[in-house]
Amino acid sequence: MLDVQAHLPVLIVTIPLICGVLTIATGKGWKPWAWATAVTGTVFYLTILLMQQVLASATGVVSYELGNWPRQWGIEYRVDALNAFILLIVAGVGFVTTIYAKKSVEKEIPADRHNFFYAVWVLALCGLLGITVTGDAFNVYVLLEISSLTVYALIAMGKDMHRGALTASLRYLILGSVGASFILLGIGYLMMITGTLNMQDMHERLMSVPGILESRTVLVAFAFLLVGLSMKMALFPLHMWLPRAYTYAPSAVSALLAATATKVGVYMAFRFLFTIFGVGFSFIAMPTTLVLATCASAGIIVTGVTAIRQTNLKRMLAYSSVGQLGYIVLGFSLANVNGVAGSVAHILNHALMKGGMFMALGAIVYSQGRCDIRSVRGLGRKMPLTMAAFTVGGLGLIGFPLTAGFISKWYLVQGCLERPHMWPLAGVVLLGSLLAVVYTWRVVEAAYFQEPDDDRPIAEAPLLMLIPMWLMIGASIFFGINATFTGKIAVTAARSLLGVGP
Amino acid sequence: MTDVLGIYNYWIYVVLMMIGLYGVIAKPNLIKQAIALGLFQTGIFLYYISMAVIDGGTAPIWTTIEDGAQKFQGPYDNPLPHVLILTAIVVSVSVLAVALALIINIKRSYGTIEADEIERMDHEDRLIEYRAGQAPDAADDAEARHHA
Amino acid sequence: MTAVVLIDTLLLLLVTVTAVAIIEVRNLYASAMLTSVYSLLMALVWVNMHSMDVAFTEAAVGGGISTILLIGTLVHTAREEKPLKRRVHGKALALTALCGAALIYGTFDMPRFGDPKAPIHHFRVPEMMAQTVGFANSTAGKQAPPAGFDPLEYRSFNGAVPSVPVDPADTAWRETSVLAQHGIMLPKVNGHALHPAEPGHHLHPPDDFNGHVPNSVTSLLAAYRGYDTMFETTVIFTAGVSLILLLRRPRREGYLQRSAPLADQAILRVVSKMAIPFILLFGLYVITHGELGPGGGFQGGVVVACAFILFALIFGRPALYRVLPPPVCDLLTGLGVLMYSGTGLACLLLGGNFLDYAMLDPISPGDGEALGMTLVEYGVGITVSMVMLTIFNQLAEERSK
Amino acid sequence: MQAHEIVTTILLALGCLVSMTGAYGLLRMPDFYTRLHTAGKTDSLGQFLIFLGLVLVTPDLLTQLKLIAVAMILMIAAPTATHAITKAAHLHHLRPWTKGDPGGEP
């Protein structure tokens, strides 16, 4: 009765929406979790179908007009290789993290509100998926606010573990709202000058009306969108909300956020910079490359150094996330095929590695109640699987060959070398890897080469945590060894973003 | 250059926005920050609604006048920004509600809603956390120094 | 200088002064009350700019609900702001000045305030507007064109824009005549096929109902951009759930205790008893009437919530919980969103796209659209009222700990 | 100008004047209760006069009825609100100003 294939783009967003609301009625105990897992699993399956559909279609684009209104007047869902890829990441990581969440949430969140927690959790995924699939500029803002509001609430749920979660959440709320308002303002400026809200339509208008791109209004819109997006994706000088939020959020939430939230921010940047303004304006007429590459490089180095000094491992990984985001931004700021492809590939690779590592930390919190460098001493023997996952993830952050991180860094370095006068950036990438070696080594040393403080027996993490953790880490190794899929999608997406032929 | 009279309305929205932004940055009181955030957003709403105005226009509602016959009443203001702002107002009140809930929680666990005092307490928390995370001998040393 | 501009200037001046006062006054209660004043002034500004729906919402939300929330929070946080050491925050001032300068720089190339030639007034939206109540092409639709409607006059903004072709399908005029007169926007006339379709529904003819109702804000809100509105409802729902997550305590702790302080006040009791049914009725009227005049699910929902809040204030929350127990309230919160998305899903199952209301009535698509729009408006209304009430309850429960 | 328009003008002017005296009283009066006293009373009368004036120039019956309804509601709601505020102040032991007290606020 329902042709699922024809309605895939909308089902991906509305199923988590409807089912997220229904989560409230699922009652107590394991039921909300099972429901959330079923929902995210279904969505993951649908994104795989959508990916196949996109790859099979002749144009490489799947368009869906909501309410059957023509896209110029209504709202359009528009999926190409890039969206489908990001959707796959968000839904996949969302699914795996939901499986993982059970044990961790049982420990960290009062039992009487698990149904509300999972409702917000699923709605957060709904918002993130919605941003990724939509082709309408204002729809992006509304969905952005859904994902932000849910994330504020999810972060604040760490309040029972540490009161810092509350201030972290409020600080993120204020910065995030200011960022979102800047985005809203930028969209308003663009709407005023183009008269439309559809991204494709906007782009056509910007391109077909000479002089419009030189107008000061478009210039200011561009600047404010860039600042707003940078706040949302935590680009270096505007990343101040991120370390605290990741540190104090419940473990499962940290894993989800690290793997999806900032990635979707980067995706929005792709859409605004490449699809709406176009490469010519964003990277040739404007000094965007210079600004973004400077911020990203500074971010890679500064946060790398800061990460080394942390004793709280969650905070260490949070700083490392900002640095890794620097690689992603550095990649697309180069605006050449290799750079953008590296950036797209690193979105996946970082999501897998960092998600897996945060899950490992969550397992440590589960068994020890904390996760600082002292509590992992000697843990290499007591929780061998967890620490091995952490170590493999760390190798990925370094960019060790045969891990996924290597592939994306390879593209990035190539991209840097292709641009004239940009070769020092390749040095920055390598320096960042060196810093990653240092901060990963500290943990590895503590875990494998130091004696524990006491001889308390510590059990290995439960299977329900280990399986998702190793799914993520295993996938990162898989994509490190077999880079065809990532490489193909990343290059296709990069070419379509840059407007170069396939 | 466009005549200034034609764009003064946009300047007022900038002024409102900036008053809000100033409040968000400069005021340490969290409730003040939440209110200022609201002002900031209202500035943007004003911008959107200003762009919908058309000379000699009326509200975009087809009115029924005299014997139920509908009468066309000249150019209507653009309804699109109105719709967008309706949505944005709802979003802003939702953000305000969540912010206030967080502030109440902060008051519960910190005992204050002044950002600078909270910042100080957070800093102390982090120092404790940092010490606890160091090697045990270093932590003991720190504790010994603290007691000395 | 027209009256609009004059009143506008005065109002905006007042608004600015109020905004400064809100930031600078140290008593937080005063600040909250000034926020209410600010919102009401803003509502006047919106009315002056002919944005009735936004004005209604601003008055209900800013003047009503936001103030209640703020005061509810102030009761258990703080009355006064801590005195500041420095009166002026230099860094903040510099940053805002920079930001403001950038924004003002951007305004110089904007179309003049109220300019009928601005792109937003003649690109995309006019087709939608001219279609209103189905007489775009002067063809007989379900509803007759209003007397005195001249499509040509409408499309030319009462003659403000010359040389508009008679055939509405011919949209090239926008590219050639108007834009060329406007300094910065010279069009590239190389047959760019930018207007492939009229804004009508893909599946049924343009002379049908086509999601259009007299209040074109509602038609955009519930039909063309109905999907945005669904998420707007979800945002509100999310806020409600977040409040429950953050503030709700285990039952019996802050629940059902302390009788209302105002129940012994005869005047208040009598007046509120008289008023509450009418407020509820008005709320429902606003929800239902949203298609014809200002209002809609959101505004009506807030009005309904206000009735319940008034009841709780006068007769106490225990009385309210007897009328509307919190678990029921929680479920109703979700019901609104489900009603909205369920309508969309029903359209999907009946063979259309998501939120394609025309599918709801296969014989007369126009009726289906009307039905769909009413359903979603009620969905919005239910969610909004229940979430507002939940938020109020959570804040009030906090107080009686 | 027709007769009903003249009446409207007079009513509107009167309404505005009454409201203005209320605003003046708010600034002039010494304490909380007296201020509310001026503001509450003048507001009720002022808005009633303004609505009455508007009813006379409104062409259609429905709008006239709506205006009258709004006026009626305000006539009930405004004094009740004033009453509630003063009652709240009284319950919180705010003492009225008496002649011997220094300055404005007690």
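Trainee: What should I know before I start?

Mentor: The model is predicted, so local features need pLDDT of at least 70 and side-chain atom pairs count only at pLDDT 80 or more, while totals for chains, interfaces and linings use all residues. Residues are numbered from 1 along each chain as its sequence is written, and chains are lettered from A and ligands numbered from 1 in the order in which they are written.

Trainee: Let us start with chain A. How many helices and strands does chain A have?

Mentor: Helices (H or I, at least four residues) and strands (E, at least two) are DSSP runs, numbered from the N terminus. Chain A has 19 helices and 2 strands. Its C-alpha trace spans about 75 × 55 × 40 Å along the principal axes.

Trainee: What radius of gyration does chain A have?

Mentor: The radius of gyration is taken over C-alpha atoms, and the globule rule is 2.2 Å times the number of residues to the power 0.38. For 502 residues a compact globule would come out near 23 Å, and chain A has 22 Å, which agrees.

Trainee: What share of chain A counts as buried?

Mentor: A residue is buried if 20 or more other C-beta atoms lie within 10 Å of its own, exposed if 12 or fewer, and partly exposed in between, with C-beta atoms placed from the backbone. In chain A, 71% of the 502 residues count as buried. As for contacts, two residues are in contact if their C-beta atoms, placed from the backbone, lie within 7 Å. Of the contacts in chain A with a separation of 6 or more, 80% join residues 24 or more positions apart.

Trainee: Which residues should I look at for backbone angles?

Mentor: Most residues other than glycine have a negative phi. Ala335(A) has a positive phi, near 55 degrees, and sits in the loop between α12 (313-333) and α13 (337-368) of chain A. Leu402(A) also has a positive phi, near 75 degrees, in the loop between α15 (384-398) and α16 (404-418) of chain A.

Trainee: Is each of these two residues buried or exposed?

Mentor: Ala335(A) is buried, with 23 other C-beta atoms within 10 Å. Leu402(A) is exposed, with 12.

Trainee: How do I describe a pair of packed helices?

Mentor: Two packed helices are described by the angle between their axes and the distance between the axes. Here axes are lines fitted to C-alpha atoms, for helices over the stretch in contact, and angles run from 0 to 180 degrees between N-to-C directions. Take α2 (residues 28-48) and α3 (residues 52-75) of chain C: their axes come within 7 Å and cross at roughly 175 degrees. Angles under 35 degrees count as roughly parallel, over 145 as roughly antiparallel, 65 to 115 as roughly perpendicular and the rest as oblique. So α2(C) and α3(C) are roughly antiparallel to each other. Among the residues making the contact are Leu40(C) and Trp46(C) of α2(C), and Gly62(C) and Leu70(C) of α3(C).

Trainee: Which classes of residue make up that contact?

Mentor: Ala, Val, Leu, Ile, Met, Phe, Trp, Tyr, Cys and Pro count as nonpolar, Asp, Glu, Lys and Arg as charged, and the others, Gly among them, as polar. The contact of α2(C) with α3(C) has 15 nonpolar, 7 polar and 1 charged residues.

Trainee: How many residues of helix α9 of chain C are buried?

Mentor: In α9 (residues 216-224) of chain C, 9 of the 9 residues are buried, so this helix is largely enclosed by the rest of the structure. Leu220(C) and Tyr224(C) are among them.

Trainee: Which domains does chain C have?

Mentor: Domain bounds come from an automatic or database domain assignment. For chain C it gives domain 1 (3-79), domain 2 (114-199) and domain 3 (216-399). The centres of domain 1 and domain 3 of chain C, taken over C-alpha atoms, are separated by 23 Å. Their contact takes 14 residues from domain 1 and 17 residues from domain 3.

Trainee: How many residues form the contacts between chains?

Mentor: The contact of chain B with chain C takes 74 residues from chain B and 84 residues from chain C. Helix α3(B) supplies the largest share of the chain B side, 22 residues, and that side divides into 50 nonpolar, 17 polar and 7 charged. Between chains A and C, 58 residues of chain A are in contact with 59 residues of chain C. Helix α5(A) gives the most to the chain A side, with 10 residues.
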